[in-house]
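The following explanation is intended for a reader meeting this structure for the first time. Please consult the sequence and the model while reading.

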Amino acid sequence: MRVLKFGGTSLADADRFYKVADIVIRSSLDEQVALVLSAPAKITNLLVDLVNFSVAGEDTRDVTDAISSIFISIIRGLKERIPSLDDAFINGFMADQFALVRHLTDGVRLLKQCPDNIQALILSRGEALSICIMNRLLEARGQKVEVIDATKCLLAEGSYLESAVNIEESARRIAALGLARNSICLMAGFCGVNASGDIVLLGRNGSDYSAACLAACVHAKSCEIWTDVDGVYSCDPRIVSDAILISRVSYKEAMELSYFGAKVLHPRTIAPIARFRIPCRIKNSLNPDHPGTLIAETGDESMAVKGISDLSGISLINISGPGMKGMVGLAGRIFSCVSRARVSIVLITQSSSEYSISFCIHSVDKDRCLSALETEFELELREGLLDSIEIRNDMAIISVVGDGMKKTRGIAARFFKAIAQTNINVAAIAQGSSERSISAVVIASKARNAVKACHQSFFNSTQFIDLFIIGLGGVGGALLEQIRRQQDVLRRQGIGLRVVGLANSRKMLVNCDGIDLGSWKGELEKQQTGFDFAMVQQKVRDSFLINPAIVDCTSDPKIAGMYVDFLSAGFHVITPNKKANTSSMEYYRDLRRAALKTRRKFLYETNVGAGLPVIENLQNLIKAGDKLVAFSGILSGSLSYIFGCLDEGKSFSEATLTARGKGFTEPDPRDDLSGMDVARKLLILAREAGLKLELEDVEVEKALPPDFDDSGDTDTFLANLPKADSWFESLAEDAREQGKVLRYVGSIADGKCRVSIQAVDENDPLYKVKDGENALAFITNYYQPIPLVLRGYGAGTEVTAAGVFADILRTLNWKQEI
């Protein structure tokens, strides 16, 4: 015999009822089938509402109408497909059940309470109706059907709402039925009977457990749990969209996964099938040909970790105090006390100092548990031997599970590293001696982020970077196009680069599923509001994004002034904007403190040299123990071009206008000729080298004659520019006579920064640098007398965007090779 169990989603409407019948009839062609059914989707929850509303004396008509509507729709839909269906019998049975429920709830309303035995009877009516409908449906399709009445045959022991099945006695009762071998057997899930003959429940979602117990009772060849997913996944696919379907898990792995919150299985389902070594397969009633997941004696040995589960609705209780050390029997008193209060402990951990014991319970039991503990330890609490009992609510348990974990090194390190990288604090840790699972207790609001991070670490799934890009002009626009072009390449490398937010000076577009980079301009124009960081934060929280990054492609000091807020909120910050790094030294330090505290990255490689690897190389030298002795460099592509033209005999004004026409300079060339852009880059390098300088400490000589009038609007300035030609011609001539050329140089020496026009000879690494190139010469303890020289194009939107793109990818925790 095979036992097949179908859950509420598999029975949600007439079409699904019919498909379940198809599956059952097809399965019965090979061997005898026993079928266990839940109530249709939503029914049990509605019955719970019915009880609660009745206790409160509230109107229950809407609830009863909703229940009635679901069943009437199912019956009518099946009647349309199978005219021979005995709907009169089903409707009569349904009327009887509704009358019974109405009678019971009338009594509940008068009492203003619902005894557990009455609640068990009411809540089990959904399964009774499922059995009635399926019985008549199979008979109408020519099948012989026998019903195993769980409320007579499945003997259970315990409370009315949470009982455990006595397999041996239940097996004896079912065997006494003398079931025909050519029949399809039906049994309601979720319910059983106690020794007094009263209906009891097997716990919420207990129909899986019912099926496992029936399989054990009849020594079934296999048990199949049919649900609405293809099997057991590496984690909840509603949390991680690319969760991996696991083909095979062991009984013990399945037990751990279900215990710690895996939604596919009821926690108690595994015990009966494991005890009697009955293979169990998880299958999808909406995709019946899929093989699903097999639960058997051994799992897939090629996978050390099978899954990551999360269990919410947890409270963490901590008992500590100076009197605990050496107090013999204290742990026994704690757990005996909790047991007497009928509270189940989910997880236990104790400090090696014996100063504290912590354990987790389901939050619904917290008040009863706390009261029992305070009564048990009243004397110790009063005498100060124990501190006040601490309870932390709204917690969750994240567990990583797998039989192969004990044979694989580094599992715990990867687990806790993944959690740490999402800036989540761990409140407690537990590991069983079997090494089959490791658990961490975290704040419930962070549980989804923790699951995502752990899944990325263990299953090589796509690691997402979720980008909010501010500033969509030259660099920002080029960056978006580069991201669009590289999507396929990144996807093959296991990288999901999603642009989830865009903002310019007027409008903001946010879509946490990813913005279409082919139509973003039109979508942005439809928006009504500008950049709103509070809204961005809320969207990130609501969508559980674990690796968000803000990319600032503006030159706006206001946006730069928000970087500490961005980092503190858990965003990486990537930017070519130099304003933050050249603000006050205190803000410079605040940025680094915020990044360190939140474990986020502040990346600004393009602040100096655009796409050249300047910042990273300097940082690596400093980390390796090197020290900057002196520096000189051409740090402006526009001034590199202008001063290179002077070598060729062009006038200064002609060179400047040509550079402007080619887009090397800003629309107003004074932004370049003022030297302040070079000064900011030089200050950043000086600070990276450890100098504590402010922007005003940088000595700046403009790239203009000392007495030149650069006032007025842009057109006025450009009209006056030829007046500077003679001064530059004189400087260039003097340089030529000495075998030198003019360059606009930023230099660091003796702890001071200076930006100025300098004449350099052919032995200087800056001598041949022109045409928009940048060159940077570092003299360090390691690199002297020949300096370390970095040279290349340091300007242009494409080059700068590429540098920003590279910084974005540096936020990844790992990279997968093609």
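The model is predicted. The crossing of H2 past H5 is right-handed. On the side of H2, the residues making the contact are Thr 44, Leu 47, Val 48 and Val 51, while H5 contributes Gln 119, Ile 122 and Leu 123. Sorted by class, five residues of this contact are nonpolar and two are polar, and no charged residue takes part.

Attention may now turn to helix H17, which spans residues 474-485 and contains Gln 482. Gln 482 counts as buried because its relative accessibility is 6%. Leaving aside residues up to four places away in sequence, Gln 482 touches Glu 798, Ala 801, Ala 802 and Phe 805.

The cysteines remain to be considered. A disulfide requires two cysteine sulfur atoms within 2.5 Å, and by this rule the model has zero disulfides. Cys 213 is in no disulfide, and the nearest cysteine sulfur to its own, that of Cys 217, is 6.5 Å away. Seen from Cys 217, the closest cysteine sulfur is that of Cys 213, and the 6.5 Å separation is too far for a bond. Are these two cysteines buried or exposed? Cys 213 counts as buried because its relative accessibility is 0%. Cys 217 is likewise buried, with a relative accessible area of 6%.

Terms used: Residues numbered from 1 in each chain as written. Predicted model: local features only at pLDDT ≥ 70, side-chain atom pairs only at ≥ 80, totals over all residues. Heavy atoms only, no water. Buried < 20%, exposed > 50% of the residue type's maximum accessible area, 1.4 Å probe, protein only. Left-handed = near helix turned anticlockwise from the far one by under 90°. Helix = DSSP H or I, 4+ residues; strand = E, 2+ residues; numbered from the N terminus. Contact = heavy atoms within 4.5 Å. Nonpolar A, V, L, I, M, F, W, Y, C, P; charged D, E, K, R; others polar.
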